[in-house]
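Colleague: Could you take me through how the helices of this model pack against one another, one step at a time?

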Amino acid sequence: MKLSADLEKAFSDQITLEFEASIVYRQLAIELDAMDLPGMAAWLRHQADEEIVHANKFIDHLLDRDNHPKIGSQEAPSVKVLTVLDAFEAAYAHEKKVSESIRELYRSAESDGDLDSRPLLNWFLTEQIEEEATVSEIVGRVELIKDDGPGLLRLDEELGQRPTRSTEG
């Protein structure tokens with residue numbers, strides 16, 4: 001079943017937001033690379049790649065339903081990072097923004113009577129709970145560590161162990 005024009009636009013807006021999230025994570029990775037924290041930077045780069053996987057899931061959903069996804073314009077992210085905590089707080093804030101957008105997309109699909117989007121959107125609702133919990137935990141650990149050099153280096157090493165995934169999902 002083809003999506004309505006309004007719902008197609010809402011899905012395209014979500015695709016744009018997923019690509020924006022990828023760019024935000026890439027910028028945060030640059031900031032932490034500049035602080036000589038390669039493990040944290042690698043974790044953020046992997047997160048950026050995962051956001052592209054998410055965008056691709058939405059794109060595939062629209063194409064499979066005979067709709068035409070469109071990526072909207074994006075601006076360079078305006079994230080100010082002076083500390084590790086700044087970087088992960090920015091990541092957490094963006095995850096919360098994405099979560100709310102997906103909830104709104106779910107509400108729109110429900111309002112439109114689009115039952116076929118439920119499996120995809122349910123997957124994303126679960127995924128966003130995990131995403132927020134993961135980044136929130138990192139924020140909490142950084143708050144505990146504060147500016148303790150050895151603690152930051154241990155966390156940097158741990159986050160650098162994250163397995164890689166392809167952007168093709």
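Colleague: How are α2 and α4 oriented to each other?

Modeller: In this predicted model, the axes of helix α2 (residues 38-64) and α4 come within 12 Å and cross at roughly 170 degrees. Angles over 145 degrees count as roughly antiparallel. The orientation of α2 and α4 is therefore roughly antiparallel.

Colleague: How many nonpolar, polar and charged residues does the contact of α2 with α4 have?

Modeller: On the α2 side the contact includes W43, E50 and F58, while α4 contributes residues among them L120, W123 and E131. Sorted by class, the residues of this contact come to 8 nonpolar, 5 polar and 5 charged.

Colleague: In which hand does α4 pass α5?

Modeller: The axes of helix α4 (residues 118-145) and helix α5 (residues 149-159) come within 9 Å, crossing at roughly 155 degrees, and these two helices are therefore roughly antiparallel to each other. The contact joins I138, R141, V142 and I145 of α4 to G151, L152, L155, E158 and L159 of α5. As for the hand in which α4 passes α5, the crossing is right-handed.

Colleague: What is the radius of gyration of the protein chain, and what does the globule rule give?

Modeller: The protein chain has 5 helices and 0 strands, and its C-alpha trace spans about 55 × 25 × 25 Å along the principal axes. For 169 residues the two values are close, so the chain is as compact as a globular protein of that length.

Terms used:
Residues numbered from 1 in each chain as written. Predicted model: local features only at pLDDT ≥ 70, side-chain atom pairs only at ≥ 80, totals over all residues. Heavy atoms only, no water. Axes fitted to C-alpha atoms, helices over the stretch in contact; angles between N-to-C directions. Helix = DSSP H or I, 4+ residues; strand = E, 2+ residues; numbered from the N terminus. Parallel < 35°, antiparallel > 145°, perpendicular 65-115°, else oblique. Left-handed = near helix turned anticlockwise from the far one by under 90°. Contact = heavy atoms within 4.5 Å. Nonpolar A, V, L, I, M, F, W, Y, C, P; charged D, E, K, R; others polar. Rg over C-alpha atoms; globule rule 2.2 N^0.38 Å.
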